[in-house]
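My notes follow the structure.

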Amino acid sequence: SEMCIRDRLSMAITNYTQYTNYYYNTVNDSMPIDHFIYPESFSSVKTQLDKTPGMIEVYAERFGEYPFINEKYGHAQFGWGGGMEHQTITSMGGFSDMLIAHEMAHMWFGDLITCKDWHHIWLNEGFARYAEALWREKDEGTIGLKNYMTDLNRPSRWRAGSLYVQDTSDVNNIFNQIVYDKGAWVLHMLRGLTGDEKFFEILKRYRQEYSGGFATTADFQKKCEKIYDQSLDWFFEQWVYGVGQPHYQVNWQAYRHSLNSWKLKVAISQIQTGATIFRMPL
């Protein structure tokens, strides 16, 4: 079989105001961050633009150095809603913290490494969504991370399908909240399972091995298992390829053991329908 590689060029042309920040990857070396903004918008978005170097620093620490350090990063304002992660300069319709963080993260996961096909799009979008949470963690601490992940915790919207996209014939199946929000939560749960040191080592090693190419969920799982040094078939089967989530029923009884102590008996059951019993660390 042949692989067809197409080069794409994004062009944005208007009477932009150009504004430049710098990312210092060493004490004596810097990379330009060039922003091209509508003149009438510049004063209202400058504060957000000035956060860009700090975001790159966070991601460089977590994922490895910014992939295109010998060129640049930046933003070109355009008329669409949201953003589009064009390599080295993202097209932006808005400039919220989370949008800047999300599209920037795609430089690592989406542009440097992309998914082999649409079935595995969570390797792009779920990773970028979790990168938003990592920026919130850096900006606001552990409580910021917790609050943001709580905002993304919408399991009622996850029950219908698997994170692995089964039907890629409909764009609404590919770009939906399962891919984005459950994808982020799967990474968050993986982090909780492996611990921070191994989790971020996984991301760095995954980036190193598949840099400049494409990857599948199986590729990512293999890298996770290499670092974690245990099989993760159960984790990926239930969270990436499976559907639903646990629904718990909890009962408890307390018994006085002595004058100053009690015994607590707890019974926890999974009572969900339409999904298998989940293996859950307790």
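**Conventions.** I am working with a predicted model, in which local features need pLDDT of at least 70 and side-chain atom pairs count only at pLDDT 80 or more, while totals for chains, interfaces and linings use all residues. Residues are numbered from 1 along each chain as its sequence is written, and side-chain values use heavy atoms, with hydrogens and water left out.

**Largest pocket.** I looked up the pockets on a 1 Å grid over the protein atoms alone, where a pocket is an open set of points with protein on both sides within 12 Å along at least five of seven lines, a cavity is a set where a 1.4 Å probe fits but cannot get out, and lining residues have an atom within 4 Å of a point. Grid points are joined across faces, edges and corners, and a volume is the space filled by probe spheres set on the points. The largest pocket comes to about 1,700 Å³. It is lined by 50 residues, of which Arg8, Met84, Gly110, Asp111 and Thr114 are the closest to its centre. Strand E4 (83-84), helix H3 (97-105), strand E6 (114-115) and helix H4 (122-140) each give at least two residues to this lining; I take helices (H or I, at least four residues) and strands (E, at least two) as DSSP runs, numbered from the N terminus. By class I noted 22 nonpolar, 15 polar and 13 charged residues, with Ala, Val, Leu, Ile, Met, Phe, Trp, Tyr, Cys and Pro counted as nonpolar, Asp, Glu, Lys and Arg as charged, and the others, Gly among them, as polar.

**Helix H7.** Helix H7 (residues 177-194) has 18 residues and spans 25 Å from first to last C-alpha, close to the 26 Å expected at 1.5 Å a residue, the expectation being 1.5 Å times one less than the number of residues. I count 14 of its 18 residues as buried (under 20% relative accessible area, with exposed over 50% and partly exposed in between, for a 1.4 Å probe and protein chains only). At the N-terminal end, Asn176 caps H7 through a side-chain oxygen 3.1 Å from the backbone nitrogen of Ile178, and just after the helix Gly195 has a positive phi of about 90°.

**Single residues.** Gln272 lies in the segment after strand E9 (261-270) and is buried, at 13% relative accessibility. Thr88, in the loop between E4 and strand E5 (90-92), has a positive phi near 80° without being a glycine, and is buried at 4% relative accessibility. Asp229 also has a positive phi, about 65°; it sits in the loop between helix H9 (217-228) and helix H10 (233-241) and counts as exposed, at 65% relative accessibility.

Terms used. Polar contact = N/O pair within 3.5 Å; in protein donor to acceptor, adjacent residues only side chain to side chain.
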